[in-house]
Amino acid sequence: MGELTASLAHEIKQPISAAATNAKTCLRWLGRDEPDLPEAREAVSRIVKDVTRATDIIGRISALVKKATLQRELVDVNELIREMIVLLRSETNRYSISIGTELAEDLPKVMADRVQLQQVFMNLMLNAIDAMKEMSGGSELTIKSEVDDGQLLISVSDTGVGLPAEQAEQIFKAFFTTKPNGTGMGLRISQSIIESHGGRLWAANNSPRGASFYFTLPCAGAAQQFA
C-alpha cells in the first residue's frame, strides 16, 4: 500500500507541477507592459497538454485497479520524444540546458501504452535536468534512438553530477532516492513499465561527467507477445 501511494503521488505530481510552471510562465508573458500574446497562448497550450496527461494517468490508474488491459497502440517513439522536448522546454530554458537529439530515421514503431512511455520519458528527462541544475556551463541533455539487435534502443544522457558509485545498484529500488524531496519511485516505476513492454532499463556513468539511462523496446511485431 505504501509503494502504491508513493507511486500515485509521484506520477500525478509531475504533470501538475508542469502545469503550474506553465501557468506562471503565462502570467509573466501577460504581465509585461506589452503582453506577449503568442508566448502566452503557447504556455496555455502546454497547460492543456499537462492537464490532459494527468487525466490520462488517473484513467490508467483506474484501469489498473479494475484490472483492465493497457491501451496499447502503435507508437512512433521519435514523435513521442519530440513532444516531450516541447513539454519540458521551459524547464531546460530556465537552467540554460541545451537539448540535442540523434534520432534514427525510419525507426520502427512499437506496440505500447503511449501514456506509460510518456511517463518514462518525463521521469528520465526531469532526472537529467535535476542532475544539471547546479552545474556551471556546458549542460546538455541528449536523447538518442536507434535499432540495435532487432530492438529499439533509447538513451537519455546528461552532463550532470553522475551516479554515485556506491549507490549505483540501488537507484532502481523502491523508495531509494538521492534527491532531498524525491519519492524514490520514479526509476522503479519506469523500470516496471519498460519491463512490462518486454524491454530493459539500465544506467551508466558517462566520461568525463554525467550519466546515461538506456532502455530497449521490442519492435511492433515482437511486442505482440507482451500485449
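This is a predicted model: local features need pLDDT of at least 70, side-chain atom pairs count only at pLDDT 80 or more; totals for chains, interfaces and linings use all residues.
1. Which two strands form a hairpin, and how many residues lie between them? The hairpin is made by β6 and β7, with five residues between the two strands, and in its turn G210 has a positive phi of about 95°. Strand β6 covers residues 201–205 and strand β7 covers residues 211–218, and they pair in the antiparallel sense over five bridges, where pairing requires that DSSP finds at least two bridges between two strands.

2. Residues are numbered from 1 along each chain as its sequence is written, and side-chain values use heavy atoms, with hydrogens and water left out.

3. The protein has seven helices and seven strands, where helices (H or I, at least four residues) and strands (E, at least two) are DSSP runs numbered from the N terminus. Read from the N terminus on, the elements follow the order α-α-β-α-α-β-β-α-β-β-α-β-β-α. Of the contacts in the protein with a separation of 6 or more, 72% come from residues 24 or more positions apart, contact meaning heavy atoms within 4.5 Å.

4. Five strands make up an open sheet with mixed pairing, in the order β2-β4-β5-β7-β6. Because β2 (98–103) and β6 stand at the edges, each with a single partner strand, one side of each is left without a neighbour in the sheet. From one strand to the next the twist averages 15°. Strand β5 (residues 151–157) pairs with β7 in the antiparallel sense over seven bridges, and L153 stands opposite T216 in β7. Helix α3 (residues 77–87) packs on the sheet, where α3 touches β2, β4 (140–148), β5 and β7, and the direction of α3 makes about 175° with that of β2; axes are lines fitted to C-alpha atoms, for helices over the stretch in contact, and angles run from 0 to 180 degrees between N-to-C directions.

5. The largest nonpolar core has 39 residues, and those with the most contacts inside it are V77, F121, M125 and F215. Such a core is a set of buried Ala, Val, Leu, Ile, Met, Phe, Trp, Tyr and Cys residues joined through side-chain atoms within 4.5 Å. The elements that give two or more residues to this core are α3, β3 (110–113), α5 (114–132), β4, β5, α6 and β7, and α5 gives the most, with nine residues. Once neighbours within four places in sequence are left aside, F121 is in contact with V77, L80, I81, M84, I154 and F215.

6. Buried residues make up 44% of the 227 residues in the protein, with buried meaning under 20% relative accessible area (1.4 Å probe, protein chains only). In helix α6 (residues 186–196), the buried residues include L187, I189, I193 and I194, and also G186, S190 and Q191. Helix α6 is followed by G198, whose phi is positive, near 85°.

7. Q116, in helix α5, is buried with a relative accessible area of 14%, and the C-alpha atoms of Q116 and Q71, 45 residues apart along the chain, are separated by 9.5 Å. S155, in strand β5, is buried with a relative accessible area of 6%; leaving aside neighbours within four places in sequence, S155 is in contact with T142, I143, K144, F213 and Y214.

Technical notes
Buried means under 20% relative accessible area, exposed over 50%, partly exposed in between (1.4 Å probe, protein chains only).
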